[in-house]
Amino acid sequence: HAGKYYDAPEELGTASLAGEVLRSGGTQTLPPETLDERLDFLAAELNVSMDDEQCRVALNVPEKDSGEALGILADVMRNPRFDASRLELAKRQAIFALRSSNDSPAPLIRREFARLLYTPAHPAGRTPTPERLRQISRDDLVRFHQKYFHPNEIMLGISGDFRKAEMLETVRRLWGDWPKAEVHLPPL
């Protein structure tokens with residue numbers, strides 16, 4: 001339960017940028033460049049997508065490096081840095097995408113149809129403005145993360161070639177001490 005629909009009107013765009021910079025912005029122990037280099041070295045693919053009502057974090061890695069890669073995944077989820085330079089880049093990209101959505105009919109029609117169908121009273125009827133996106137700060141991303149990222153709100157699925165007992169021990173070691181918190185989702 002962490003998605004674009006949970007942005008209040010005055011927070012519009014925060015969830016999307018939090019998802020983008022969660023992956024690109026490094027962790028408290030791994031600056032963004034080091035995180036990128038380490039994932040490349042492991043041939044690991046780590047993706048984050050912020051959907052309407054959920055955030056998906058996916059890791060694909062060769063089995064031989066799964067332990068280190070899962071450690072990186074836990075670090076990204078638990079201790080994001082939200083690097084300021086990566087946030088600025090993500091904001092510029094989001095503003096460019098928003099502006100270029102007016103250049104072809106399909107995205108323009110989807111956006112305007114949703115606005116008319118749902119109205120701005122519903123999250124699906126809202127679109128952030130470039131001015132709003134420029135206002136989003138690192139502190140906004142930190143607050144978003146603190147509000148929604150807790151172990152009792154996460155479903156972890158693992159598939160591949162591994163021993164179940166060893167994998168459960170790894171999962172407990174990496175996520176077991178993460179304190180739970182009550183999350184209050186705004187009504188939709």
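Predicted model: local features only at pLDDT ≥ 70, side-chain atom pairs only at ≥ 80, totals over all residues.
**Helix packing and an aromatic pair**

Leu35, Arg38 and Leu39 in α2 meet Glu68, Ile72 and Val76 in α3. By residue class, this contact of α2 with α3 comes out at four nonpolar, no polar and two charged. As for handedness, α2 passes α3 in a left-handed crossing.

Helix α3 also packs against α8 (residues 164-175), here at an angle of about 30° with the axes 10 Å apart. With the cut-off for roughly parallel set at under 35 degrees, α3 and α8 are therefore roughly parallel to each other. The crossing of α3 past α8 is right-handed. On the α3 side, the contact is made by Leu70, Gly71, Leu73, Ala74, Met77 and Arg78; on the α8 side, Met167, Thr170, Leu174 and Trp175 take part. Sorted by class, the residues of the contact of α3 with α8 are seven nonpolar, two polar and one charged.

A further helix pair brings together α1 (residues 14-24) and α4 (residues 84-100), which pack at an angle of about 135° with their axes 10 Å apart. That angle makes α1 oblique to α4. The crossing of α1 and α4 is right-handed. From α1, the residues involved are Leu17, Glu20, Val21 and Ser24, and these meet Arg86, Leu87, Ala90, Lys91, Gln93 and Ala94 in α4. The contact of α1 with α4 splits into five nonpolar, two polar and three charged residues.

In one of them, the ring centres of Phe144 and Tyr148 lie 4.9 Å apart and the ring planes stand at 50°, so the pair is tilted. Both residues belong to helix α7 (residues 138-148). Along that helix, Phe144 and Tyr148 are four residues apart, about one turn.

Then there is the matter of confidence. The protein chain has a mean pLDDT of 95, with 100% of its residues at 70 or more. Confidence in the chain is lowest in helix α5 (residues 105-118), where the mean is 93, and highest in α2 (residues 32-41), at 98.

Note on methods:
Residues numbered from 1 in each chain as written. Heavy atoms only, no water. pLDDT = per-residue confidence, 0-100. Helix = DSSP H or I, 4+ residues; strand = E, 2+ residues; numbered from the N terminus. Axes fitted to C-alpha atoms, helices over the stretch in contact; angles between N-to-C directions. Parallel < 35°, antiparallel > 145°, perpendicular 65-115°, else oblique. Left-handed = near helix turned anticlockwise from the far one by under 90°. Contact = heavy atoms within 4.5 Å. Nonpolar A, V, L, I, M, F, W, Y, C, P; charged D, E, K, R; others polar. Phe/Tyr/Trp six-rings, centres within 6.5 Å; stacked < 30°, edge-to-face > 60°.
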